[in-house]
Amino acid sequence: MDGDPAVESELDSFSLILPLPFRIAFILVLGVWAWGVNLHYLYLLKIDVPSLIKYSSRTSSPLPHHQRTYALATTITGPLLISLFFFWTLTRGNPAAVLSWDIIPQSYLFLLCLFFLIPYKRLSPHGRFRFLTTLKRVSIGGIAEAQDGRFGDILLADVLTSYSKVLGDLFVSLCMFLSSGKSSTDKPDRGCGGTYIVPIIISIPSIIRLRQCLIEYMRVRDNPQKTAATGWGGQHLANALKYSSAFPVIILSALQRGYDPTRIALSETGLFRLWLFAVFLNSVYSFYWDVAKDWDLTIFSPSSTHHSYAPISPSFPSSLSTDPLSPSFPSRHQHPYPYGLRPRTHFHTPQIYYTAIVIDLVLRCTWSLKLSPHLDHWNDLEGSIFVMELAEVVRRWVWIFFRVEAEWVRAKSGGGVGIGEEVLLGPLPSRM
């Protein structure tokens, strides 16, 4: 604030242009645009997302949901651009000015929060009310029943896990803004408020999903009408284990950031190796779950199970017969659909699915950059941290397309359990 050169020198060129509060705002606004694109493309594929999340608009607007989402995104983007313009005009890359004018980006974040609370009728008030209601429910780990919007709760809670580091940065920004002698546009102090406050905030979305999985397990366990299709609930326990695997990564990352040999009975190298094992386990498990469970793809399934799905996807025409007595009927080792996919799909080519699988794997493993001695320092740069957070939001954006598509296929197939459940719980009877 006082223009101390020792403080100003900590600001890199990226932070002079896009300080932490603006980076947070950018990713939050980008999420609204991304959701609009999700709705738009799925609408073109004739996938009714509102019906899946049990959302019925109370407005008489003839506009489809994605256009209303675009309108909402445009409305919150305008003030962001204006704030950036004034900030750049006033600071002109001067470190002292950047530190002094932190009120501009903080004001935008404050207005963004108010925006979702003000019931302005022309900007989808029912949609914003539904969002806040769902957020309130999932924020304590709650989850609606299937007929009340369970799938919407799961989508929002999973999105929060991808925004966990952004939420941590949001706290850091607010903490620095309210702390005496600090500026929220200064180099982020991720120890602001205490060593473990930020790690706890980052872990909250995973705790939410963990609790949701346990609730779903108990619902299945206590259901007197369990069938082979619903299973015994093992799917939900396995999913809960996936979210639990994030906690060692968060804890070990915090210990590495504030490493103190007098308090930790491990060398710095030993701590890093333990973190490496934890993050590898979490990434591999999460990637498997994304593909096999959330997207219902069969790439990890034994080849002997592929033949049981007789119907051919309309997206992939085939000369294979669906008559078991026909010579062209697929044998035990033949696939009636492209390898690793499933019988019913809505995206136009198999390459779209394979590309999504590769993107998910690559973005799940960005931590591997720390293994390169040439790129290790890259992870500590503010610009790099921003790119990592942005990459996770992009990964989640891609994930939503296929997660919603898989849920639509399940709904149209008359089942509430994904094809991929057979991997964990054993083959299910054919439902198609």
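Me: Which residues is Ser206 in contact with, leaving aside its neighbours within four places in sequence?
Reply: This is a predicted model. Ser206 lies in helix α11. With those sequence neighbours set aside, the contacts of Ser206 are Thr161, Tyr243, Ala246 and Phe247.

Me: Does Ser206 count as buried or exposed?
Reply: Buried means under 20% relative accessible area. The relative accessibility of Ser206 is 9%, so Ser206 counts as buried.

Me: What percentage of the contacts in the chain with a separation of 6 or more is accounted for by residues 24 or more positions apart?
Reply: The chain has 432 residues, of which 47% count as buried. Among contacts with a separation of 6 or more, the share from residues 24 or more positions apart is 73%.

Me: How far apart are the C-alpha atoms of Ile140 and Arg209?
Reply: Ile140 lies in the loop between α8 (125–138) and α9 (150–162). Its relative accessibility is 62%, so Ile140 counts as exposed. Along the chain, Ile140 and Arg209 are 69 residues apart, and their C-alpha atoms are separated by 9.7 Å.

Me: Which residues form a disulfide?
Reply: A disulfide is a covalent bond between the sulfur atoms of two cysteines. The structure holds one disulfide. Its sulfur atoms are 2.0 Å apart, and the residues that form it are Cys175 and Cys192.

Me: How many residues apart in sequence are the parts that the pair of Cys175 and Cys192 ties together?
Reply: The link of Cys175 and Cys192 is left-handed, with -75° about the S-S bond. Cys175 belongs to helix α10 (residues 164–178), whereas Cys192 is in the loop between α10 and α11 (197–221), so the separation in sequence of the parts tied together is 17 residues.

Me: Is Cys113 buried or exposed?
Reply: Cys175 is buried at 14% relative accessible area, and Cys192 is buried at 3%. Cys213 is buried as well, with a value of 0%. The relative accessible area of Cys113 is 51%, so Cys113 is exposed.

Me: Which helix contributes the largest share of the nonpolar patch?
Reply: Ile82, Phe85, Phe86, Leu90, Trp101 and Ile103 make a nonpolar surface patch of about 600 Å². Phe86 counts as partly exposed, at 49% relative accessibility. The largest share of the patch is four residues, and it comes from helix α5 (residues 65–91).

Me: How many residues apart are Arg395 and Asp290, whose side chains meet in a salt bridge?
Reply: Side chains of opposite charge can pair when their charged atoms come close. The salt bridge of Arg395 and Asp290 has an N to O distance of 3.2 Å. This pair links distant parts of the chain, Arg395 in helix α16 and Asp290 in helix α14 (residues 268–294), with a separation of 105 residues.

Me: Which residues are linked with Arg395 in a network of salt bridges?
Reply: The side chains of Asp360 and Arg395 also meet in a salt bridge, at 3.0 Å from N to O. Asp360 is in helix α15 and Arg395 in helix α16, 35 residues apart, and both residues are buried. The network links Arg395 with Asp290, Asp360, Arg364 and Glu392.

Me: Why does the pair of Asp296 and Arg410 tie together parts that are 114 residues apart in sequence?
Reply: The side chains of Asp296 and Arg410 meet in a salt bridge of 2.8 Å, N to O. The pair ties these parts together because Asp296 lies in the loop between α14 and α15 (350–364) and Arg410 in helix α16.

Me: What is the length of the polar contact that joins the side chains of Glu407 and Arg410?
Reply: Glu407 is placed in helix α16 (residues 382–413) and is buried, with a relative accessible area of 12%. Leaving aside neighbours within four places in sequence, Glu407 is in contact with Leu52 and Phe151. Arg410 counts as buried at 11% relative accessibility. The polar contact between the side chains of Glu407 and Arg410 is 3.2 Å.

Technical notes. Residues numbered from 1 in each chain as written. Predicted model: local features only at pLDDT ≥ 70, side-chain atom pairs only at ≥ 80, totals over all residues. Heavy atoms only, no water. Disulfide = S-S within 2.5 Å. Helix = DSSP H or I, 4+ residues; strand = E, 2+ residues; numbered from the N terminus. Buried < 20%, exposed > 50% of the residue type's maximum accessible area, 1.4 Å probe, protein only. Patch = residues over 30% accessible without salt bridge, like charges linked within 9 Å, V, L, I, M, F, W, Y side chains within 5 Å. Areas by Shrake-Rupley, 256 points an atom, 1.4 Å probe, with all protein chains shown as cover. Salt bridge = Lys/Arg side-chain N within 4 Å of Asp/Glu carboxyl O. Polar contact = N/O pair within 3.5 Å; in protein donor to acceptor, adjacent residues only side chain to side chain. Contact = heavy atoms within 4.5 Å.
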